[in-house]
Each structure stands twice: as structure tokens, then as C-alpha cells.
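Reader: Can you walk me through this one? Keep it quick, please.

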Amino acid sequence: MIGDWLDIGPVSQISPGNARTMPVRGGREVAIFHTLNNEFYALVNACPHKGGPLSQGIVHGTVVACPLHNWNISLKTGEALGEDKGCVPTIPLRIDAGRIYLLRSAVIAPAPAG
Amino acid sequence: MNAPATFPDSRIPRPDGTLPQRLVVVGNGMAGCRAVEEILARDPARYAITIFGAEPRVNYNRIMLSPVLAGEKTFDEIVINDAAWYADNGITLLSGDAVVAIDRAAKTVIAASGRVEAYDLLLLATGSDPFIIPVPGKDLAGMVTFRDLDDVDKMVRAADSGGSAVVIGGGLLGLEAAHGLSLRGMKVTVIHLMPTLMERQLDEAAGWLLKAELEARGQSILTGADTAEIIGKDGHVSAVRLKDGRVIDADIVVMAVGIRPATALAKQAGLEVGRGILVDDHMVTSDPAVLAVGECVEHRGTCYGLVAPLWDMCRALADHATGAPTGYEGSVTATKLKVSGIEVFSAGDFSGGDGCEDIVMRDAARGLYKRVVVKGDRLIGAVLYGDTADGAWYFDLLRKSVDVSDIREALIFGQAFASGGGALLDPNSAVAALSDDAEICGCNGVSKGKVVSCIARGAHSIDAVRAGCKASASCGSCTGLVESLLAVTLGDQFAGERGARTVCKCTSFTHDDVRRLILEKHLKAIPAVMQALHWSTPDGCASCRPALNYYLVCAWPGEYDDDQQSRFVNERMHANIQKDGTYSVVPRMWGGLTNPRELRAIADVVEKYNAPMVKVTGGQRLDIFGIRKEDLPAVWADLNAAGMVSGHAYGKSLRTVKTCVGSEWCRFGTQDSTGLGVQIEHMTWGSWMPHKFKIAVSGCPRNCAEATIKDFGIICVDSGYELHVGGNGGIKVRVTDLLGKVATEAEAMALCAAFIQLYREQAWYLERTAPWIERVGLEHVKAGLFDDPGAIAALAARFAHSQSFMQDDPWAKRAAGADADLHQHLAEVRPLELAPMELVR
Ligand code: SRM
Ligand SMILES: Cc1cc2nc3c(=O)[nH]c(=O)nc-3n(C[C@H](O)[C@H](O)[C@H](O)COP(=O)(O)OP(=O)(O)OC[C@H]3O[C@@H](n4cnc5c(N)ncnc54)[C@H](O)[C@@H]3O)c2cc1C
Ligand code: SF4
Ligand code: FES
């Protein structure tokens, strides 16, 4: 299993309420979020509205508010909440012994969320 | 190791003449002994049992080490199985003798003493090892972990000579150690890496309450603190140094940062090991003759650190070992903190999110915070602070996945209430159920009966009730209760909506209430406001967090720690985000003046970082576009080097001070408008405001600086300075109101500072001066400035005090390396066509 997971380093690199980014050559930049509830999520770093960098938004609960036009995007499903419609791919993530792992295959070709 | 010694087979034959199978247990701890108890309960004659224990003592209740440390219990009181139990059940206990190797081929274990013991069935129950962070000084004398009785003894001895203790780790174990040491008279400091305590078990709100309570008890709690080194003196710990340079004296250092399953023995024996020893649903390892149980195992991808799952594992293990396998399917866990007088409980998943509903109840007076998370018809998580009486009930609903749709509305009020009514209950009926003499408003001592009769006498709104019987007229924290009483008493007649706009849907308080209460109740942190004012969400939303952050910045200059996570991206990055995710950078050009050095620096930056565009803004300065977030610190360093600071073109703060050429050059100029503008910009830059704030100074009534559409505008005339306020050129153009006329620059500056401070202290977040003045009226503003002859000086002094903390260039700090993680990528992935994916840090 470990082989399918990409170790991107210790959890302490992302302070709670923040997100950090990881560009992918030939793929789409990934944003890794650390919520105030101490959970981690990874999404493609592009808002389904007009591609805003979600990593720069305000994180509340398990939602990030896009910095460009304030759409609320679920960190769990990548879906736009409320009236807005759209979805950004999520990347399976797991934490093991204080390190963050992303599913390799999804980093290269993020699966449609669901 | 001594020479291997094999002992003669001492098994007593069964009545049918067969010999019982030999069960050897490694680990005389909680899981190992419980497994043996479970097996004995099912089939006492099946095995001849030998237990090895590394600790030189009988089996005891490890979780009660905390009360032993706190002096509330003795070791004898926490023994689970005494020597007689082993004897009565024919168990050979080899305590103080650790097993050092397993020979699976020969089916023997070898102990440190040299003893070799043969097994038919082997059970590994080795528990966990405390994790030690690899910092310099970790091996000094005076460093302890918190795992067994020896550790407790060391701590008790250290406490006997008093002094200071540092506990590294603010989780369950660390806090229990800190509590015990503090009860034993030591001065305790807890160092915790994360920003909130027990972050794995508690949400931000509960973690904050816990911290506040522990601090009130005299412990120092340092969150967000990373240990760099344990400093020693003569081979013994003497202090702990943090990465930020702080040094904390310590006569003893307790390391309680986490545990690791003890897998060394299993690994060396060639058993399959992940994070823990891998077991199936019957606690069987990769070798059918070897079982494992407790904290040392990994079952379906999970390692546990609490006892409840061990009990379930032991049942499944015994069922399997006695020939009636059932299987273990994993456990849901709940946490309680064993610190006397502090009640904390959490269980399940309380991350919230889609399809989940958070139900939050806060009672600031009693220090309560309760949060339950419901998904569909099921309870999936709970966090309780202050009163955990209902913890067991919530845990039960959660574990059994009970359909809670019938009691949903009453769930948060606890078991007694929710199961009391039976019928559909809602918060209003909770209030309806209160007795007439129940106190509603604590500040004014108003009972429910009084409020109800006040409503009956015609007070049909919150304000009317406030006027009529004073309920909710002071701190306002009972407003929700009064609303419920209005709803209960008036039924459909009560519109439910309060007239004034609330901050957001997380609260029933208005902006004005929140601002007033922050001052009255000395609230100095966002979670403190949310708790005291009964926020209905655990950590607010993207509307209220920035508002609260501003109100706190304004209320407590120099004291409040700005919460970066509550700021919009532009204010966090100190640049304006663009549609393509890059940033624009606008350095300050005081009063619109510039010089060759600044222009050269800007030109260099544009070339060096390939900025696609540079533009003269409508605010008399230059805007550099298309800078990547990674390059921002370097860009700022270059601009800083030329003496330029942030223009705050991104902030709810002072933007620009526009000037015209004025008397220095212009043939019509009456005063030095340029010079005055520059002075004003130096006085006002860097201040955070409810919204953006623009100033302009025109040298004569021709008004080339457009001062009459600015938040604060000055028009110079021969006899002095006309001061204008509340202008706006944006979406809805509003021409300024004339505030007054003064004779000197000094008076103009003082009034400017006073007006800004009045606006800072009174306006709602995201309300510019124009709508603010429209709402409160110019007369109100004038009254605030002129009614009391000392008001202008007092407001200006408060502004100056606040500015003494605000006027440091945020760019300079970033250029020097602060918050580098906001700018740098975490890593970069460069998938290669043939080779496996590569990760570059
Ligand atoms: C750069 C600039 C346009 C230009 O190239 O000249 C500009 C650019 C933006 N303006 Fe402006 N405004 C600029 C001068 C103005 C002016 C003119 C002035 O200040 O004299 C006005 C009208 C005067 C006023 O504010 O009353 C103006 C009224 C607005 C408004 C409407 C405000 C209102 O109260 O109605 C917004 C929207 C808002 O703030 O919510 C806005 C918002 C914006 C934002 C921040 C939009 C956004 O959220 O991204 C633009 C940021 C671009 C960037 O990345 O730099 N901008 N904006 C000007 C920067 C001035 C500076 O040096 O700081
Ligand atoms: C201070 C403290 C407070 C706690 N509070 C709580 C609480 O409130 N609630 C809760 O649910 N849990 C609590 N826990 C956790 C709980 O105690 C553990 O989950 C539980 O003890 C695990 O049981 P175990 O048998 O797997 O490990 P242990 O109880 O640690 O037993 C393992 C035993 O194996 C021995 N051993 C290891 N290797 C060998 C070897 N090679 N040969 C021989 N012997 C060996 C060890 O010396 C140890 O005695 C607490 C723990 C501590 C330390
Ligand atoms: S006028 Fe509109 S488009 Fe132009 S800078 Fe201002 S906000 Fe942007
Ligand atoms: S791009 Fe995210 S809300 Fe518009």
C-alpha cells in the first residue's frame, strides 16, 4: 500500500486554518488544507467557478471560501455549497505517524470527486 | 544475556490425561491480563499459562497512574490482579523479566534472564513505547516519560524538592502529568506544538476553554511552541529552549508527545508489522501460533491508544483461543480527561462538513460548551466541555448508531431532557418547561415569570421587553432565551426576527452588541467571544471571523494576537490577489510623491520578476502586476531596500492620501497641501479599520485631489482648512459632509486622527464611512467629537496608542523570512515518464 501513497512530509508544515500548495508538472496544482479541527484534506487548487486558488481562502469548518468571489467549497467532496454549482477534484489523503500521504495516482490525474 | 535455561515441563495433566496447551503471554499489562481473564472465564483448564512482564510488579490499572501522580490514589488501590490471583489460577508470573527474542521455528521465547519458555500459543501484549522527540539533551537525567509506575516515582521524587517542571505535549497524557505535578506544588509549564490543546480530541472552542481554565489554575500553557533543545547542567536538565528562542527553567522535563506501538520483538521474529503488529479479526498475527492484542497491534489499519478497544479485542481473542471464534470489527472511541474539576469529553467524528449539522450550546456563565454533530438521522460526534454527564449517553447513541430524528431538536439538552418529553421537542419547549421562578436574565435578576407577564402586558419585541422588565438589557447573553419566551408566549404573533442585523448566521448578536460586550467582558480572543456570546457554530464562518478579528484588534491594541487565519487572503498575503492567482504589489508613495531611487527600484522589480504590467493607479502610486506568491518576499526585500513600505492597497485599512501640488508650486495654492498630506499619511498608515479608508488634501477649492469624495478630505483655504468626511467614489457616489473648519495643520491632524478613531471604534466591520454616517447621522459623529471638549484629544490619543503597535511594515517582516510557509510550496511533483513519481522539496 505505502507504495501507492506519496509522502509529502510532516503534518506540522501546515498550521491549522491554513493550506499549502504543491505544483504538479504536467498536472494540476494541489492544495493541502489543515482545518481548525485538525483534519487534513487535499483538493485541486482551482475553484470550480473561475479557477481561483482555493489554498488562499478562509477555512471554516470543513469548507474553504474561495478568495476570488467567495464561493464556499467543501473540502470533503470538492463540491460548491449553497446556491453555487460545481465541483473540484479531491485527492485521497491519509495521515500516518504524523506524516501526510496523498494517493499517487490521484495526484497525477485527480479523480472526479464523488 | 545469560546462558539459555530451559525449565522442566511443570504442566499438570487434565483429568483425561492430556496435557493442557502452553500459552505464553508477553506483557503483564492491561491487555495481556485481560485476555487471560477472558480465556479463564471461558475455559479455565484449557491452557497452562505463563506471563512475562518487563515491569517488576503485578498487573495494575495503568490509566490510574494519573490519580497516583496527583496523590489521589496509592499504587495498592490501582492493582487489578494481585499475587494471589496468579497463584489461584495456576499462572506463572515472571515479572521483571523482559522477553528478548522469539524463536518461531522452535516455538520458544527467550527472556533477558536467559530463561527459555516453550509455547503452543504465544500472545504478544507489549503495549506502546513513549515517543521521544530527537532533540539535543533528550538523554539528560531529569528527563522522564509517563508510561509506568517507575515514571510516576521519578516525578513524585522530583516534585518533593519543588521547583519547576516542563511538560512537553499538551495531549491527554501531558495534561494529566502537568496536573499531577502542579498539585504536588511544582511550577508547571506545558509546551504544545499545536495551537490548541488536545487537538486530536477537542475542537478549537473546547481546546481554548481548557487552556483558559488551566491557566487560571496557575499553569503556563505555551501553544504553537516547538522544542529546540533540552539544556543541561552537570548532566541534569536545567531548562528547555524553544525554537523561537524562549528559554524555560526546568528541574524536570516530562516528554508526553505520543506513543508508538511496541513492535520490536515481533519485527525481529519476522512477524508482519505495519505501524503495529498486524492482526486479523481474531487477533491472529501472520503466524497462526502467535496472537497479539492491545496497543501494540494494528487492526484494519487502526492502532488504538485507549483501553476500551482493548476490552473488545480481548473478548474476540478469547473466543478464538477457546474454539468459538466471533471476531472483532474495530471500535469507536471516546476520550475523557482525568483532571479533577475539569470535565472534558469527546467522541466520534466532529469535523462537521457536508450533510452534517452542528448543534452547539454555550453557557458562558457556567462555562459550558456542548457540541453534537448529526448526519442524516444519526449522531456521529460529540464534544462536551464543562459538563460531561451526558457523555456516556451520546457515546451510546453514537456507537449503536441510533436513529435520533425524534429527539433531534432536544439532543443538545441532554438525556434527561430529550427522553423526558417523548414528543417532538424544540428549544422553545425547553424554555416553556422552565419554572416561573427560573432566572432568565442574570445581570438584572429577572425571572421567567416576570418576562412572561411583561410580554403579556404588550411587550412584543426584544426591545420592548428590555424596556419593560430589563431582561436582556445589560450583557445581552440571555437574548436567545427572551426570544424563545416571546415565541412561546406569542406564538405566531412573534415575527422572530430581531430588528437589527446580526453579525452573521452564527450569532443572534448585532455588531454593536458584539463590540460593546468585547469591552465590557474583557474578551480578548476569538474563541472567548464565541463562548461568551453563545456562538451557534463551533468556529464561526468566513463572515464573522474577520469581523471579530478586527473588533479585537481595535479593542485591545498591543494585547490581542492578530489571528491571521481570520483575515482575507489579501490581508494575509499583504498583496492583492488577481484573477489568475498571482498578486499585485503597490508600495506606498507618501502623498503621491516619489523620487528616482523609488522609481528605479520599481523598474528593477518589474524587470527582475518579469511583471507583465505596471500601472499608475487612481490613488497616485504605482501598481506592479503578476507577481507569484513565491516571489513576493523577494520583491518586497528589493522595494524595502529602496526605502519603500507596503501601501496596504489590499487592506481594510488606510489606503492612500491623495494630494495636489498646493502652495509650493501651484499659482492658486493656499496651503502646503502636499506636505500636509505626507504628514497625515505618516500618521495614519498601517492602521486597521472597519473598511478601507481614503484621505485627500486639496490646496484650494478647485479640489484637484478630489477630497470631497474621500473618507476624510481636506480643502485648504486662505484662512485654514475645511474638513470633510464620509465621501465615497465607489459604487454609490457620495459627496462628503462638512465636519468643520480649523486654522492650523495641527488641529486638522488631530481631528483627522479623532475622526478615524471614532470610525474605528463604532462602525460595523465592512462599513465604509459613507454608509456609517448615513446610518448614525452626521450629528452623532459631531456629537462624538465636539460635545465633550476633551473628546478629540482622547480619541486622538487612543489612535496614537494603537498606531504605536501597527506601524511596522508587514513586508519587511516577510522579506526577513516571517511566515515563509505562506509563500513557499510544500513540495513539487514531477512525474517522470518511466521512473516512479518524484517529489522535490
Ligand atoms: C488599482 C486601482 C485601480 C487603478 O488602477 O487605478 C484599484 C483597484 C481595485 N479596486 Fe478600487 N482601485 C483603485 C482606486 C479606486 C478608487 C479611486 C481612489 O481611491 O481615488 C475608487 C473610488 C474611490 C472610493 O473608494 O471611494 C475605488 C473604488 C473601489 C471599490 C468601491 C468601493 C465603494 O466603497 O463602493 C472597490 C470594491 C470594494 O472595495 O469592495 C474597489 C476594489 C478594487 C480592487 C481591490 C478589486 C478587488 O477586490 O480585487 C482592485 C484591486 C486591483 C489590484 O490588485 O491592485 N475599488 N478604487 C486603484 C488603486 C488605488 C491605490 O493606489 O490604492
Ligand atoms: C498515565 C496514563 C493515563 C492513561 N489514561 C487513560 C484513560 O484515561 N483512558 C484510557 O482509555 N486509556 C488511558 N491510558 C492508556 C491505557 O493505559 C492503555 O491504552 C493501556 O494500558 C494499553 O494496554 P496494553 O496492555 O496494550 O499496554 P500496557 O498496559 O502498557 O501493557 C504492556 C506491558 O507489556 C510490558 N512489556 C513490553 N514489552 C515486553 C517484553 N518484551 N517482555 C515482557 N513485557 C513486556 C510492558 O512493560 C507493559 O507492562 C493511559 C495511559 C497512561 C500511561
Ligand atoms: S474598476 Fe472594477 S475592474 Fe477596475 S480595478 Fe476597480 S474593481 Fe477592478
Ligand atoms: S473563482 Fe472561486 S468563487 Fe470565483
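Reader: What pLDDT does chain A average?

Author: Chain A averages 88, and 93% of its residues score at least 70. pLDDT is the predictor's confidence in each residue, from 0 to 100.

Reader: And chain B? Which stretch is below 50?

Author: Chain B averages 90, with 95% of residues at 70 or above. Residues 421–425 of chain B fall below 50. Beyond near neighbours in sequence, that stretch has five contacts in the model, a contact being heavy atoms within 4.5 Å. Where pLDDT is low, the predicted coordinates should not be read in detail.

Reader: What about the complex scores?

Author: The predictor gives an ipTM of 0.71 and a pTM of 0.75.

Reader: On to the interface. How much area is buried?

Author: Chains A and B bury about 3,900 Å² between them, 55% of it on carbon and sulfur atoms. Buried area is the accessible area (1.4 Å probe) that two parts lose on being put together, summed over both. On chain A, R20(A), Q56(A) and I58(A) supply 18% of the area buried against chain B, more than any other three residues.

Reader: How many residues does each chain put in?

Author: Chain A gives 47 residues and chain B gives 49.

Reader: Which residues make the salt bridge?

Author: D96(A) pairs with R275(B), the closest N and O atoms being 2.8 Å apart. The rule finds one salt bridge across the interface; it asks for a side-chain nitrogen of Lys or Arg within 4 Å of a carboxyl oxygen of Asp or Glu.

Reader: Now the hairpins. How are β26(B) and β27(B) joined?

Author: Strand β26 (residues 356–363) and strand β27 (residues 368–375) of chain B run antiparallel, joined by eight bridges. Strands (E, at least two residues) are DSSP runs, numbered from the N terminus, and two strands pair if DSSP finds at least two bridges between them. D358(B) has V373(B) as its bridge partner. Four residues lie between the strands, and G367(B) takes a positive phi near 65 degrees.

Reader: And β7(B) with β8(B)?

Author: β7(B) (residues 99–103) and β8(B) (residues 108–111) pair antiparallel over four bridges. D103(B) partners T108(B). In the turn of this hairpin, K107(B) has a positive phi of about 55 degrees.

Note on methods: Residues are numbered from 1 along each chain as its sequence is written. Chains are lettered from A and ligands numbered from 1 in the order in which they are written. This is a predicted model: local features need pLDDT of at least 70, side-chain atom pairs count only at pLDDT 80 or more; totals for chains, interfaces and linings use all residues. Side-chain values use heavy atoms; hydrogens and water are left out.
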